[in-house]
Amino acid sequence: MALSMTDFLILLVACSLTILAFRTVPLMVLRGRELPVALSRALGYIPPAAFAALVANDLLSPDMFDAGLWPAAIPLIAALCVIPIAVRTKSLVWSIITGVGVYAVLLFVL
């Protein structure tokens with residue numbers, strides 16, 4: 001079913017208004033105000049939680065064992081190797097390099 005130009009424009013305006021309402025209005029309302037310490041601390045957990053959800057979605061899927069145990073274990077082993085690097089360096093770049101490197105070695109060598 002194709003989307004008509006009118007339906008597309010209605011959808012575009014609705015999405016634009018939603019983005020405006022939920023992204024820019026709070027920034028304008030809160031500009032120059034000090035947030036409570038508990039709220040600032042809670043907001044600090046949003047980026048790691050979002051990243052963890054994305055990673056968990058890629059690592060743990062319902063059909064991950066369809067190709068066998070070893071192909072399913074490769075990303076899990078790579079993720080386990082990234083954890084100490086991430087904790088020690090707190091660097092996204094080194095975490096990515098470690099994860100991709102370990103994944104490549106396990107995929108191509110073993």
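The side chain of threonine 98 reaches the backbone oxygen of tryptophan 94 at a distance of 2.7 Å. This is a predicted model. Threonine 98 lies in helix 5, which spans residues 92–108, and helix 5 packs against helix 4, residues 69–89. Lysine 90 is in the loop between helix 4 and helix 5.

**Threonine 98**
- Threonine 98 counts as buried because its relative accessibility is 17%, below the 20% cut-off.
- Leaving out residues up to four places away in sequence, threonine 98 touches Cys81, Val82 and Ile85.

**Helix 4 and helix 5**
- Two packed helices are described by the angle between their axes and the distance between the axes.
- For helix 4 and helix 5, the angle is about 150° and the axes are 8 Å apart.
- Helix 4 is therefore roughly antiparallel to helix 5, since angles over 145 degrees count as such.
- The crossing of the two helices is right-handed.
- By class, the contact of helix 4 with helix 5 has 14 nonpolar and 4 polar residues, and no charged ones.

**Lysine 90**
- Lysine 90 has a phi near 55°, a positive value in a residue other than glycine.
- Most residues other than glycine have a negative phi.
- Lysine 90 counts as exposed because its relative accessibility is 71%, over the 50% cut-off.

Definitions and conventions
Residues numbered from 1 in each chain as written. Predicted model: local features only at pLDDT ≥ 70, side-chain atom pairs only at ≥ 80, totals over all residues. Heavy atoms only, no water. Helix = DSSP H or I, 4+ residues; strand = E, 2+ residues; numbered from the N terminus. Buried < 20%, exposed > 50% of the residue type's maximum accessible area, 1.4 Å probe, protein only. Polar contact = N/O pair within 3.5 Å; in protein donor to acceptor, adjacent residues only side chain to side chain. Contact = heavy atoms within 4.5 Å. Axes fitted to C-alpha atoms, helices over the stretch in contact; angles between N-to-C directions. Parallel < 35°, antiparallel > 145°, perpendicular 65-115°, else oblique. Left-handed = near helix turned anticlockwise from the far one by under 90°. Nonpolar A, V, L, I, M, F, W, Y, C, P; charged D, E, K, R; others polar.
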